[in-house]
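Please read them with the coordinates open.

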Amino acid sequence: MLVEKFKRDHPPTINPSTGVESMPVLAITLTSRPTERRIYGQLLMAMGASINERLTLMELEIRTVLLLKSNNVRVLVFDEVHNLLAGTPREQRVILQLLRYLSNEIKASLVCLGVSEARDAIAGDTQLARRLDQFVLPRWKADEEFQELVTAILRSLPLRLPSSLSSQSLRHLSRLGDGITARVFGILNELAIEAIQNGIERITDDSIESWRPALEKEAAFA
């Protein structure tokens, strides 16, 4: 969500006098086991370029770098960086060196995103790790900001009746979702579906208290 907002805030532009397109932000998501060819291919696709499977790795590199420069890419974003850990130590080093090379070659800022293991992945390249400042997204606590978030979500749900939760239910919801935004959204979405199916058409304190993960529900009916 943060990456998409960042991309929306810095969309591609076209110089009216030259007709040259600039793409200030380019973002890709690393696959489950990234390789050099995959990364070059993903970057080319993100820039709308076709991919010739017959190109050698060096030709892919040259084409990708040329396009990154011609598109005036200023920020390279790589999501799911923790996927690097699925490769061997040598494969990890190769990809980390690739990220550093691309940043150097096109003189662009580098942004790497992922879960906590992403820091371990980046640590495999000392030079790269020194360049990157680490930021950890704080988890939600059952405070006023969390209440505002939940209220906004409840208002957006397609339920016929208004939903409201007590302070105790908000604290319980925060614990259930482990303070993670996506989990909180997921829980409230599940509760909204149940409310519609049951004809209640709203989310209540009882709904929060009785909620269980889908896997536990399946086990209960097995």
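1. Salt bridges, overall. The structure holds 7 salt bridges. Keep in mind that this is a predicted model.

2. E4 and K7. These two side chains form a salt bridge, with 3.8 Å from N to O. The cut-off for such a pair is 4 Å. Both residues sit in helix 1, which spans residues 2-9. They are 3 residues apart there, so about one helical turn separates them. E4 is partly exposed, at 41% relative accessibility. K7 is partly exposed too, with a relative accessible area of 31%.

3. E105 and K69. What distance separates the closest N and O atoms of E105 and K69? It is 3.4 Å, and the pair forms a salt bridge. E105 belongs to helix 4 (residues 89-106) and K69 to helix 3 (residues 57-70), so this bridge ties together parts that lie 36 residues apart in sequence. E105 has a relative accessible area of 31% and is partly exposed. K69 is likewise partly exposed, at 39%.

4. R183 and D178. Their side chains meet in a salt bridge at 3.3 Å, N to O. R183 is partly exposed, its relative accessible area being 44%. For D178 the value is 37%, which also counts as partly exposed. The pair belongs to a network: salt bridges link R139, D178 and R183.

5. Helix 7 against helix 9. Two packed helices are described by the angle between their axes and the distance between the axes. Helix 7 covers residues 144-156 and helix 9 covers residues 181-198. They pack at about 40°, and their axes are 11 Å apart. That angle makes helix 7 oblique to helix 9. The crossing of the two is right-handed. Helix 7 contributes F146, L149, V150, I153 and L154 to the contact. Helix 9 contributes V184, F185 and L188. Which classes of residue make up the contact of helix 7 with helix 9? There are 8 nonpolar residues, no polar and no charged ones.

6. Helix 2 against helix 4. Helix 2 spans residues 36-46. Its axis and that of helix 4 come within 10 Å and cross at roughly 35°. From helix 2, the contact residues are E36, I39, Y40 and L43. They meet V94, I95, L98, Y101 and L102 of helix 4. By class, this contact has 8 nonpolar residues, no polar ones and 1 charged.

7. S103. This residue is located in helix 4. Is S103 buried or exposed? Its relative accessibility is 11%, so S103 counts as buried; the cut-off for that class is under 20%. With neighbours within four places in sequence left aside, S103 is in contact with A108, L110 and R131.

8. F78. Strand 4 (residues 75-79) holds F78. At 0% relative accessibility, F78 is buried. Which residues does F78 contact, leaving aside its neighbours within four places in sequence? They are I28, L30, I39, L99, L102, L110, V111, C112 and L113. For a distance check, take F78 and A152: 74 residues apart along the chain, with their C-alpha atoms separated by 30 Å.

9. G87. The loop between strand 4 and helix 4 contains G87. G87 counts as buried, at 12% relative accessibility. Not counting residues up to four places away in sequence, G87 touches R33 and Q92.

Definitions and conventions: Residues are numbered from 1 along each chain as its sequence is written. This is a predicted model: local features need pLDDT of at least 70, side-chain atom pairs count only at pLDDT 80 or more; totals for chains, interfaces and linings use all residues. Side-chain values use heavy atoms; hydrogens and water are left out. Helices (H or I, at least four residues) and strands (E, at least two) are DSSP runs, numbered from the N terminus. Buried means under 20% relative accessible area, exposed over 50%, partly exposed in between (1.4 Å probe, protein chains only). Axes are lines fitted to C-alpha atoms, for helices over the stretch in contact, and angles run from 0 to 180 degrees between N-to-C directions. Angles under 35 degrees count as roughly parallel, over 145 as roughly antiparallel, 65 to 115 as roughly perpendicular and the rest as oblique. A crossing is left-handed if the near helix is turned anticlockwise from the far one by less than a right angle, and right-handed if clockwise. Contact means heavy atoms within 4.5 Å. Ala, Val, Leu, Ile, Met, Phe, Trp, Tyr, Cys and Pro count as nonpolar, Asp, Glu, Lys and Arg as charged, and the others, Gly among them, as polar.
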